[in-house]
Amino acid sequence: MHTLHQAVARCRTLVVEGPDGIGRSGLLTELASHGFLIRRAREQLHHVDPCRPYHELLAAPGLLAVDGSIIHELVYGPLRRGHSRVTWIQALDFAEAVAERDGALVHLTAPQDQTVSQKQEDMEGADEIRAYERAFRTLARHVPVVTVDVGGLGPPIRAPASSPFQLGRYTRKLTVG
């Protein structure tokens, strides 16, 4: 699965993640028009188990699109506070739960020319881009990841011609190493 269109056709669950200011709402609105229930966790992460609200969201039936912030915390926690409130074990467990629900992570990126010109001047911006790439590269071992350039979203997503094909259970096991 390499494109957003394939993910929409094959997945029951999509977790949309991307840097601050990337503009997730347009994609989430488009997903809602294709029958995905749009959910967001509370503003504040749970103090004991930051992933618990997300696991509760994944219990919903049917098509689900989650406006995520687990990866956001993995990236911005260390950059802004020196540590993340989400551990890698928790993030990997969350990735496994998304995969078990026939899901994928959607990694939103800015257009390449905008990313280079704006973020090159800003050292935190370059660190942010590298941190997102690292997080998605690590999580991709446990759940499908679809990278989407928000500048290249193009025409609206079309509904599949036939009944949606559900992606089979993701067979990789959770490993930490």
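Trainee: Does D67 count as buried or exposed?

Mentor: This is a predicted model, and in it D67 counts as buried, at 12% relative accessibility. The cut-off for buried is under 20% relative accessible area, so 12% falls on the buried side.

Trainee: With which residue does D67 form a salt bridge?

Mentor: Start with the general idea. Side chains of opposite charge can pair when their charged atoms come close. Here the partner of D67 is R40, and the closest N and O atoms of the two are 3.0 Å apart.

Trainee: How many salt bridges does the count come to?

Mentor: The count is eight salt bridges. One of them joins R12 to D102, with the closest N and O atoms 3.6 Å apart. These two come from distant parts of the chain: R12 sits in the loop between α1 (4–10) and β1 (13–17), while D102 sits in the loop between α5 and β4 (103–109), 90 residues apart. Accessibility gives each partner its own label. R12 is partly exposed, with a relative accessible area of 23%, whereas D102 counts as buried at 9%.

Trainee: Which residue forms a salt bridge with R80?

Mentor: That is D20, and the closest N and O atoms are 2.7 Å apart. This pair also links distant parts of the chain, with R80 in helix α4 and D20 in the loop between β1 and α2 (24–32), 60 residues apart. At 48% relative accessibility R80 counts as partly exposed, and D20, with a relative accessible area of 40%, is partly exposed too.

Trainee: Which residues of α4 are buried?

Mentor: They are I70, I71, H72, E73, L74, V75, Y76 and G77. As background, an α-helix has 3.6 residues a turn, so residues three or four places apart point the same way.

Trainee: What about the nonpolar residues? Which members of the largest nonpolar core touch the most other members?

Mentor: In soluble globular proteins, nonpolar side chains tend to be buried together. In this model the largest nonpolar core has 27 residues, and Y54, I70, I71, F94, L105 and L139 touch the most other members. Two or more residues each come from α3 (52–57), β3 (64–67), α4 (70–81), α5 (88–100) and α7 (123–139). The largest share, seven residues, is from α5. A second, separate core has 18 residues, among them L4, A7, I22 and L28.

Trainee: With which residues is L139 in contact, leaving aside its neighbours within four places in sequence?

Mentor: L139 is in contact with I71, W88, A91, L92, A95 and L105.

Trainee: How many aromatic pairs does the structure hold?

Mentor: To read such a pair, check the ring centres and then the angle between the planes. The structure holds three aromatic pairs. In one, the rings of Y54 and F94 have centres 5.8 Å apart and planes at 75 degrees, so the pair is edge-to-face. Y54 is in helix α3 and F94 in helix α5, 40 residues apart, so the pair links distant parts of the chain. Y54 is buried, with a relative accessible area of 2%, and F94 is buried, with 5%.

Trainee: Why is the pair of Y76 and Y132 edge-to-face?

Mentor: The planes of their rings are at 75 degrees, with the centres 6.1 Å apart, so the pair is edge-to-face. Y76 is in helix α4 and Y132 in helix α7, so the pair ties together parts 56 residues apart in sequence. Y76 is buried, with a relative accessible area of 2%, and Y132 is buried, with 2%. Together with F136, Y76 and Y132 form one aromatic cluster.

Trainee: How many disulfides does the count come to?

Mentor: The count is zero disulfides. C11 is buried, with a relative accessible area of 2%, and C51 is buried, with 2%.

How values were computed
Residues numbered from 1 in each chain as written. Predicted model: local features only at pLDDT ≥ 70, side-chain atom pairs only at ≥ 80, totals over all residues. Heavy atoms only, no water. Core = buried A, V, L, I, M, F, W, Y, C linked by side-chain atoms within 4.5 Å. Buried < 20%, exposed > 50% of the residue type's maximum accessible area, 1.4 Å probe, protein only. Helix = DSSP H or I, 4+ residues; strand = E, 2+ residues; numbered from the N terminus. Contact = heavy atoms within 4.5 Å. Phe/Tyr/Trp six-rings, centres within 6.5 Å; stacked < 30°, edge-to-face > 60°. Disulfide = S-S within 2.5 Å. Salt bridge = Lys/Arg side-chain N within 4 Å of Asp/Glu carboxyl O.
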